[in-house]
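Hello,

Here is the structure I promised to pass on to you. Have a look at it first, and my notes follow below.

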Amino acid sequence: MMLNPFPDVSPHDEHSPAQFRLPGFGGAAVFLRSQIVPARTFETSGPALAFDVMFLAPNYHVWYMTRPTEPDFVDRLAGFLFAAANDFHPEQSLATFSDTAMGLTIAVLSSTDDRVGLEAMVLADPDADVPEPYDLNFETSRFTLATAASAVRCLDRSWPVIDANDVDLAIESELDEEDPS
Amino acid sequence: MTHFYNRLPFPPDSRMTGIWSNSWVDDPMGDEVAIGHLISFPDNQDAGLESDFLSSHMPFNVGGFSGVYPDGSPWMFILQKAPADVSKRLMREEDPYWLMRDSLQRAMRFNHEARIVDELTWTRGKLEFAYALEGINTDDIADWTITDLIRGLLTECCYVELSDIVDRHATGCAFPGIEHDCAADVFTDVFARWGVGLLRRPEPQDNYVGAWYSIEDLQAMPRPELEATAKECGIRVRCRNSKKHRSRKRLIALIIKAPKKQNESE
């Protein structure tokens, strides 16, 4: 069992929300923050993951809170970010990332050997008859996109977490299975 | 070694990978102060991008440089300047550096993994002293703004002699006699040339021993001890053809640049 190294600090002080950040040159960034919401929020059969979306630039800062997503949102976004970092010409090879339920799209507009130009767009109200989009154009580095592709998995904790207890148990079970002869 | 590198806690083999200077800095309004912060980033972040990102959220940012530690993790050093009385006038804060620290803290909320490693502050007097330590007559920089003084110290990081920058400031050309696309501004000229990899670290010189005496130690020395140290380094304490003593600043500057052989004979 992991002991709290700071026993005077309450779990509330230590906790920070799962937050993903995709920064760009010129002070632009897209942030995503995940939370669990009760079933009534999206009228689902049980509690579900919801996401806050933030667009940041030096002269504005907008948050859209508690957005639902289509299935496999984090997986799809991770794949898109990795391809944007990895493809020679992602503006030609990569389809626009889109999540209708969240009202978010991200398109690759340009690329060089080091940088990739993105256009991120979020709808102020995805259910509105005439949706009002907020867009953010910015350049980021391929290095940043590559690290973002794994960092985004913090949003649903789908990164390959190794639990020390699980490792011990696995070793013990392997030992148990060994033939004593 | 440069003024900034002498004062910042860089482990050996840290490398500068980028440098910038903002052209849209406000003109001076009265006395100004300057502050610099060394920021470290986790090793999965991009030094160039994060420096640009953070500085874009800091309106008093004058310039800075970024790089990597020997283990590859990135850092940046960012410089800001502002009128000395603004914190008190607008926010009733006695500390003249308050608004720039506040600006940094606001920007760092958008990168919660960035950490402040060190902070340096300057008044105009301290900046002029930095130039005096390089043997520069402060009368030659009397009409420079705080921004100019900071940019001059930044050019030092590009392996350019500060005295050359001061000498050539009025002409606007940092590299006379060398074919280049002159920006008509010595600082811009240096940053542009460094950016395309045409300025390199000079070969180590055997005859400089700046590291043997730290500037802080020399500044703290009583006058007699400072004079004794100067004499040991073969430095004349009295001005040539005069009975007047050299100033403390000049003595410290000469000791910092004293020939190694004379120090080795101590």
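Ile150(B) touches Ala34(B), Val62(B), Gly63(B), Leu79(B) and Lys81(B), leaving aside residues up to four places away in sequence; contact here is C-beta atoms, placed from the backbone, within 7 Å. Please keep in mind that this is a predicted model, where local features need pLDDT of at least 70, side-chain atom pairs count only at pLDDT 80 or more, and totals for chains, interfaces and linings use all residues. Residues are numbered from 1 along each chain as its sequence is written, and chains are lettered from A and ligands numbered from 1 in the order in which they are written.

Ile150(B) is also among the residues with the most contacts inside the largest nonpolar core, which has 95 residues. Such a core is a set of buried Ala, Val, Leu, Ile, Met, Phe, Trp, Tyr and Cys residues joined through C-beta atoms within 7 Å, buried meaning 20 or more other C-beta atoms within 10 Å of a residue's own. Helix 3 of chain A (residues 73-86) gives the most to this core, eight residues; helices are DSSP runs (H or I) of at least four residues, numbered from the N terminus.

In chain B, helix 5 (residues 124-133) packs against helix 11 (residues 248-256) at about 50°, with axes 8 Å apart. The axes are lines fitted to C-alpha atoms over the stretch in contact, with angles from 0 to 180 degrees between N-to-C directions. Phe129(B), Ala132(B) and Leu133(B) of helix 5 meet Lys249(B), Ile252(B), Ala253(B) and Ile256(B) of helix 11.

Finally, 10 residues of chain B are in contact with 13 of chain A.

Best wishes

Key. Contact = placed C-beta atoms within 7 Å. Buried ≥ 20, exposed ≤ 12 C-beta atoms within 10 Å, placed from the backbone. Helix = DSSP H or I, 4+ residues; strand = E, 2+ residues; numbered from the N terminus.
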